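Please walk through this structure with me, one part at a time. Keep the 3D view open as you read.

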Amino acid sequence: MSIRAGILIALVAMGAASLGLRAIGRRLWPESPYWRDMPLGVAFGYVLAAAGFALAVKLYFIDRIVFFRWAMNGLIAFSIAAWIFRALGRRIGPGWSRKLFRQMPLTASFGILTVLAYAFTAIFAGWLAPYGQAEIFDAVNVLPGTDPAHPLGTDQIGRDILTRLIYGAQNTVGIAFATTLIAFFTGGSLGFLAATIGGWLDQLLSRGIDVLMAIPALIFALLLMTIASAWAGSERWMLTLYMVLIIALIDATRVFRLARAVAGNIVVMDYFEAAKLRGERLPYLIFREILPNATAPLLAEFGLRFCFVFLTIAALSFLGIGIQPPLADWGTMVKDLAQFINFAAFSPLTAALPLMAAGAIALLTVAVNFIVDWMLQKSSGLKE
Amino acid sequence: MSAPLLKIRDIRIEGRADEEWLPIIRGVSLDLNKGEVLGLIGESGAGKSTLGLAAMGYTRDGCRITGGSVEFDGTDLVQAPADVKRGLLGRRIAYVAQSAAASFNPAHRILDQCVEAPVVHGVMSRREAEAEAMELYRRLRLPDPEVIGFRYPHQVSGGQLQRAMTAMAMACKPDLIIFDEPTTSLDVTTQIEVLAAIRDIVEQFGTAAIYITHDLAVVAQMADRIKVLLRGEEVEEADTRTMLAAPREEYTKSLWAVRSFQRPPKPAVAGGQAPLIALRNITAAYGKAPVLHDVSFDIHAGRTVAVVGESGSGKSTAARVITGLLPPSRGEVLFEGEALPASYKGRSRDQLRQIQMIYQMADTALNPSRTIGEIIGRPVQFYLGLTGQEKRRRVEELLEQIELDPGEYFNRLPGELSGGQKQRVGIARALAAEPRFIICDEVTSALDQLVAEGILKLLARLQDELGLAYMFITHDLATVRAIADEVVVMKEGRVVEAGGKDEMFRPPHHPYTDLLLSSVPEMDPDWLSRLLARRAEGEIRHQGADGV
């Protein structure tokens with residue numbers, strides 16, 4: 001009850017503040033149409049933003065909530081890094097890349113920087129990581145910060161957590177990328193074919209895809225993984241391969257739908273008809289007439305799809321049937337370390353361990369989408 | 001005389017392009033008295049629509065008013081606060097857009113959309129507004145005025161929807177209406193109805209109007225005064241009759257002269273000569289819906305056959321049958337006396353090469369992600385097998401033939417060209433195949449009159465140089481007059497009349513041909529009144545061209 005009353009009072013107070021804000025604005029700049037025509041909603045938005053900012057300052061400096069402070073520090077650090085990265089890009093490098101950096105919003109440069117960092121970590125994992133990913137130490141359950149040999153501690157069976165985080169980039173990201181590529185290659189080409197040829201082939205493919213899409217994705221993946229684990233037998237790496245193929249198949253259905261819809265809009269264009277009447281063959285029609293005009297939506301879908309694949313892999317790993325040990329993987333790490341979150345009140349750093357793996361997933365997802373948004377904006381801008 | 005209702009003074013508007021602001025309107029002034037109709041004409045990009053919107057104190061996104069004033073009945077709309085403008089717009093100033101189909105919300109009934117403005121502005125109660133709307137429908141001569149409002153926008157024809165939109169604008173009895181090309185997307189026969197309805201209702205209510213169009217003959221019927229715009233500046237303004245009789249400026253004269261282009265007639269075809277293309281008893285259908293019924297006509301080498309008729313008459317379908325996109329259910333297409341395979345898939349590369357097509361919408365006819373050089377170069381390589389330097393030289397030749405500078409345009413994308421230039425590229429792509437027969441599907445109807453004239457002249461010149469045969473699909477009889485040797489009139493999938501151009505324009509006509517011919521607006525400002533009077537007398541029995 002008191003919470004509700006509090007919210008109500010806060011709302012009324014903010015409403016009054018926004019009225020006051022507008023009145024002050026009109027008094028100070030009587031000529032300005034900006035203040036004169038300002039709707040109350042906009043004024044309320046300013047007040048709300050100010051209140052939010054005040055709350056953030058209070059949480060940071062007065063309450064000193066540890067996780068909030070980390071998140072804020074991280075945000076500020078990443079923003080500064082992205083800004084510096086963009087500023088450097090504008091000065092260094094060949095003309096075209098400098099031009100690219102000049103048009104780039106901060107979000108995109110943040111995305112690119114993050115993806116580059118992930119790629120670097122993934123490629124040089126073996127060189128960056130202090131130990132091997134399968135290495136097991138005697139010191140089990142070392143808390144972070146207590147042993148200089150293991151800066152982030154070790155897990156239940158004595159594997160170095162920092163090492164596994166770094167190798168996780170290689171395994172999780174690499175596998176997700178490969179899976180998305182396969183999904184796009186199959187889904188995209190089938191979708192284009194269905195739209196171009198049409199008729200019975202279109203019906204056959206579309207209805208088949210409908211059947212696959214009718215089954216909930218995660219349940220379908222679990223089902224197929226169960227079958228695959230019987231096929232794979234004791235070959236653990238085979239299971240990982242099957243997982244890639246299964247997720248690619250499930251995601252290809254979504255790509256197929258999009259590719260078919262996009263191509264469907266292109267094949268009714270006059271230029272496509274002109275090419276058909278010229279007597280062009282299928283590969284020319286698909287690669288020269290459809291593909292260049294379908295890149296923007298497909299690219300956007302690639303970014304999204306990559307994230308979904310990534311999350312599906314993490315989810316399957318969390319359930320124990322995804323990427324198999326001894327390969328390090330972020331989804332598995334979240335599962336293995338999940339209990340540590342109970343220690344949040346006593347040792348924030350320990351509780352943060354599962355969050356690090358989860359955060360690594362979240363950060364990459366956000367970064368990829370920032371880049372894709374920017375590319376979309378660029379390509380749609382060019383067409384106008 | 002009392003103060004004008006609308007007074008625009010030295011208005012300046014800029015539009016954002018990439019990173020800079022470019023002027024769209026460079027200081028135009030106008031006065032409009034109560035009950036007066038002002039025609040705004042000019043080619044696309046002249047700023048007609050921008051000026052029309054500015055008369056409401058409004059600019060499109062990405063545009064801004066940088067100077068001048070728009071005074072409506074004593075209120076400066078440029079400076080007025082949003083709530084003052086909100087009280088005026090819709091109630092005292094209304095707007096009728098070019099495409100009614102795109103301006104109506106497809107999810108609501110027409111009547112609900114028509115009564116919204118008076119109810120929202122508190123002018124009338126909903127019941128009164130509905131009665132008023134039905135009265136307006138009646139005055140606009142919509143069929144079944146009591147029930148038509150309960151239909152959804154897709155359930156009425158384009159001409160009816162345009163009139164319903166006028167009724168919507170009229171709902172609050174505004175003092176000023178801005179018509180932005182309200183008849184441009186309609187057939188000639190439908191256009192008459194809409195023009196007459198708009199003119200009558202504007203007269204009855206004493207509404208002032210700004211009528212924006214690029215069609216001079218239309219503006220001559222509607223406007224008391226005409227203002228000519230060119231690149232955001234006023235060229236001249238005068239009384240309609242004065243302007244038509246004696247335009248002062250060179251630019252205006254050139255606009256007036258467009259319709260006079262006419263190529264010299266060619267001698268009749270020699271008796272025994274076999275036609276290049278012959279349609280023999282073609283019957284075709286989309287699925288189960290029959291579109292063509294027993295259509296036959298000939299096209300001879302080096303000549304132009306115009307196929308005319310309103311939309312839905314089957315003229316484009318005939319073209320699809322010739323190209324093989326739509327195999328006919330009966331009949332055949334002969335090329336130099338030999339039957340062509342019904343589907344384009346069965347035709348040889350050489351057969352495909354001989355028949356080329358130029359499309360109406362150059363925007364969708366050119367692949368937006370390939371350069372002009374690639375677009376024209378592809379048929380050169382595909383049909384003639386030229387590559388590398390030879391191909392490039394041939395493309396440059398073609399670009400010169402269509403009067404575009406090869407150095408400048410070779411590497412450009414279609415999006416960087418104007419409408420007329422794109423249409424020229426479409427022509428070059430057809431020419432690149434070195435065909436003997438080209439189908440021109442409404443190639444000039446999306447273009448301004450000056451640009452269209454340039455395209456027609458180009459096509460005529462190419463025909464003389466290369467001996468091409470054209471099938472010219474159009475609904476514009478002025479185009480027919482300019483370029484055709486023979487005319488085929490189509491209606492509801494049948495050939496109504498066919499023959500030489502001169503016979504076709506000389507009475508007696510088939511009644512449908514007569515309806516088409518008489519519906520083409522003429523420059524004479526009394527034309528519409530005379531025509532309506534004649535039709536009312538029953539000299540021409542109107543044939544329900546606008547029926548559902």
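The paragraphs below cover a sheet, a helix, a residue and the domains.

This is a predicted model, where local features need pLDDT of at least 70, side-chain atom pairs count only at pLDDT 80 or more, and totals for chains, interfaces and linings use all residues. Residues are numbered from 1 along each chain as its sequence is written, while chains are lettered from A and ligands numbered from 1 in the order in which they are written.

Start with the sheet in chain B. Strands of a sheet pair through backbone hydrogen bonds, either parallel or antiparallel. Here six strands form an open sheet, in the order β16-β17-β18-β13-β19-β20 of chain B, with mixed pairing. Helices (H or I, at least four residues) and strands (E, at least two) are DSSP runs, numbered from the N terminus. Two strands pair if DSSP finds at least two bridges between them. β16 (355-358) and β20 (494-500) of chain B stand at the edges with a single partner strand each, so one side of each is left without a neighbour in the sheet. From one strand to the next, the twist averages 15°.

Now look at one pair. Strands β13 (residues 304-308) and β18 (residues 469-474) of chain B run parallel and are joined by five bridges. In this pair, B:V308 stands opposite B:T474.

α11 (residues 315-323) of chain B touches β13, β16, β17 (437-441), β18 and β19 (486-491) of chain B. Its direction makes about 150° with that of β17(B). Helix α17 (residues 419-432) of chain B touches β16 and β17 of chain B, and makes about 175° with the direction of β16(B). Axes are lines fitted to C-alpha atoms, for helices over the stretch in contact, and angles run from 0 to 180 degrees between N-to-C directions. Residues are in contact if their C-beta atoms, placed from the backbone, lie within 7 Å.

Is helix α6 (residues 158-170) of chain B mostly covered or mostly open? α6(B) is mostly covered, with twelve of its 13 residues buried. A residue is buried if 20 or more other C-beta atoms lie within 10 Å of its own, exposed if 12 or fewer, and partly exposed in between. The buried residues of α6(B) include B:L161 and B:M165.

Compare B:S69, found in strand β4 (residues 63-72) of chain B. B:S69 counts as partly exposed because it has 16 C-beta neighbours inside 10 Å.

Finally, turn to chain A. An automatic or database domain assignment gives domain 1 (1-63), domain 2 (65-104) and domain 3 (161-383).

Methods:
Two residues are in contact if their C-beta atoms, placed from the backbone, lie within 7 Å.
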